[in-house]
Each structure stands twice: as C-alpha cells, then as structure tokens.
Amino acid sequence: PKNPTTLDSIPTPPNTISFPVKLYFRNDYPNPKSYAKKSSAPYHILYQDYFNARQNYIDSAIDKSNITTFFINEVDWGYQVLLKLYDSVTREIQRGNSVQLFSRGYASPLNVTQYNVNLTQRRISSVYRFFLEYNQEYLKKLLDKNKSASFEVVEVPLGEYAANQATSDDINDRSASVYSTAASIERKVEILYMTRSQNTYRDWE
C-alpha cells in the first residue's frame with residue numbers, strides 16, 4: 001500500500017471536476033487559537049503543512065487504517081481537484097469572464113460555536129488566498145490587468161452548526177476529538193459550485 005506521508009501517495013489528477021470540491025485542514029488551522037475571521041495563509045501552504053504533519057495524526061489515531069485511507073482518498077484527492085479548478089478559473093479570467101465560487105465551511109465540534117464559525121471563515125479565506133497566490137500570483141496578475149473581470153469566493157460558513165454531533169468533542173480524548181477520521185472529516189471547506197459571467201469587452205488586449 002502507498003505511504004500517505006510520501007509524495008508517491010498523491011493521486012493522479014482527475015480529468016474532470018466534480019463538485020463539491022472538498023478541502024481538509026489540520027485541527028484548529030489556520031491561525032490556531034484565534035477569533036480572527038480572515039487568514040493570510042493560502043491553502044496550498046496549509047495543505048503542505050498538513051501533509052508534513054500527517055504521520056503524527058496516524059500515530060495518534062486509534063483507527064490508523066481509516067485515517068491513512070482518509071489522507072490519500074480525501075485530503076490528497078481534494079487538493080488535486082483544487083488544482084484542476086484553479087486551471088479552470090484561470091482560463092475563465094483569461095477570457096475576460098468573472099468567476100464566483102460558492103463555498104461552505106465546517107469544523108469539528110471541539111470548541112465553542114462562535115469560535116468554530118470564525119474558524120470556518122478563516123478556512124474559506126485561505127482558499128481565496130490560494131487562488132490569488134498560487135503559481136506566483138498568476139491569477140492576481142491577470143485580474144490586475146483585466147479590470148472588467150473579477151474573482152470572488154462567496155462565503156457560507158456554518159461552523160459547528162453543521163458538524164456531525166456524533167463526533168467527539170472531548171478535549172481530554174484527543175485520539176477521538178482531534179486525530180480520528182470522524183473528527184478529521186469534519187474540518188473542511190466545500191466548494192459547492194462555480195458560476196461565471198461573460199463580459200462584453202476585454203480591456204487588457
């Protein structure tokens with residue numbers, strides 16, 4: 001079986017994009033122990049950090065087999081789909097079109113509800129930062145050149161309101177509330193769908 005802590009575990013990119021695109025996060029990331037609603041950390045940096053930390057999750061989890069499968073089939077796969085989506089968004093902006101991504105954030109029920117609502121907003125903002133900063137800020141440069149085009153991630157944060165209430169919130173049982181597959185699968189952003197609007201002219205050609 002593939003080792004989820006090495007680069008050879010990363011799945012082959014898909015040919016098509018299937019929504020929702022699910023992106024997963026480390027416990028309390030980005031900006032741990034913060035009530036901020038925005039984060040300057042782009043998702044590709046957070047993904048790499050999660051990738052580097054996963055052995056600790058596997059070692060600390062009771063359901064080691066399940067969490068290993070989760071990292072490969074969910075975390076890594078979601079990131080590969082995100083890269084495909086990035087290419088699609090970039091093509092639309094190159095054509096002078098405007099793009100909106102409608103996203104919903106989730107958190108595991110380990111903290112108080114208001115904290116988790118803010119945490120989901122930080123996670124959504126990290127996805128937005130990814131699109132602007134990935135590939136040496138290529139998309140941001142396109143938007144700067146083409147003022148008629150725009151890009152937006154529409155935030156629909158839910159926090160613990162949408163968390164699976166069967167997931168452990170016992171801070172003293174971190175193997176269940178932090179490192180388990182049940183808890184890990186709650187810490188995500190879902191990009192639900194993409195919309196685009198055509199502009200009648202391009203002001204950068």
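Over the ring of which residue does the charged end of R26 sit? The legends below start with the whole model and reach that answer in a later view.

**Figure 1. The whole protein, a predicted model.** Residues are numbered from 1 along each chain as its sequence is written, and side-chain values use heavy atoms, with hydrogens and water left out. Because this is a predicted model, local features need pLDDT of at least 70 and side-chain atom pairs count only at pLDDT 80 or more, while totals for chains, interfaces and linings use all residues. The secondary structure comes to five helices and four strands. Here helices (H or I, at least four residues) and strands (E, at least two) are DSSP runs, numbered from the N terminus. Of the 205 residues, 49% are buried; buried means under 20% relative accessible area, exposed over 50% and partly exposed in between, with a 1.4 Å probe and protein chains only. Contact means heavy atoms within 4.5 Å. Among the contacts with a separation of 6 or more, 82% join residues 24 or more positions apart.

**Figure 2. Helix α2 beside helix α3.** Helix α2 (residues 64-94) and α3 pack at an angle of about 10°, and their axes are 10 Å apart. Axes are lines fitted to C-alpha atoms, for helices over the stretch in contact, and angles run from 0 to 180 degrees between N-to-C directions. That angle makes α2 roughly parallel to α3. The cut-offs are under 35 degrees for roughly parallel, over 145 for roughly antiparallel, 65 to 115 for roughly perpendicular, and oblique for the rest. On the α2 side, the residues in contact include Y79, L82, L83 and Y86, and on the α3 side they include F130, F131, Y134 and Y138. By class, the contact of α2 with α3 has 14 nonpolar, three polar and no charged residues. Ala, Val, Leu, Ile, Met, Phe, Trp, Tyr, Cys and Pro count as nonpolar, Asp, Glu, Lys and Arg as charged, and the others, Gly among them, as polar.

**Figure 3. Helix α1 against helix α3.** Now look at helix α1 (residues 43-60) and helix α3 (residues 113-145), which pack at an angle of about 110° with their axes 7 Å apart. The two helices are therefore roughly perpendicular to each other. Y43, H44 and L46 in α1 meet S126, V127, F130, E133 and Y134 in α3. This contact divides into five nonpolar, two polar and one charged residues.

**Figure 4. Y47 and its neighbours.** Y47 lies in helix α1 and counts as buried, at 3% relative accessibility. Leaving out residues up to four places away in sequence, Y47 touches I10, R54, V75, D76 and Y79. Y47 and D76 are 29 residues apart along the chain, yet their C-alpha atoms are separated by 8.6 Å.

**Figure 5. Aromatic rings together.** Rings of Phe, Tyr and Trp (its six-membered ring) pair if their centres lie within 6.5 Å; planes under 30 degrees apart count as stacked, over 60 as edge-to-face and the rest as tilted. By this rule there are 18 aromatic pairs. The rings of F130 and F131 have centres 5.1 Å apart and planes at 75°, so this pair is edge-to-face. F130 is buried, with a relative accessible area of 0%, and F131 is buried, also with 0%. One aromatic cluster is formed by Y86, Y128, F130, F131, Y134 and F151.

**Figure 6. Charges over rings.** Here is the answer to the opening question: the charged end of R26 sits over the ring of Y29, 4.6 Å from its centre. A charge sits over a ring if NZ of Lys or CZ of Arg is within 6 Å of the ring centre and within 35 degrees of the ring normal. In another case, the charged end of K188 sits over the ring of Y106, 4.3 Å from its centre.

Figure 7. Most residues other than glycine have a negative phi, and most peptide bonds are trans. D28 is buried, with a relative accessible area of 14%. N31 lies in the loop between β1 and α1, has a positive phi near 55°, and counts as partly exposed at 33% relative accessibility.
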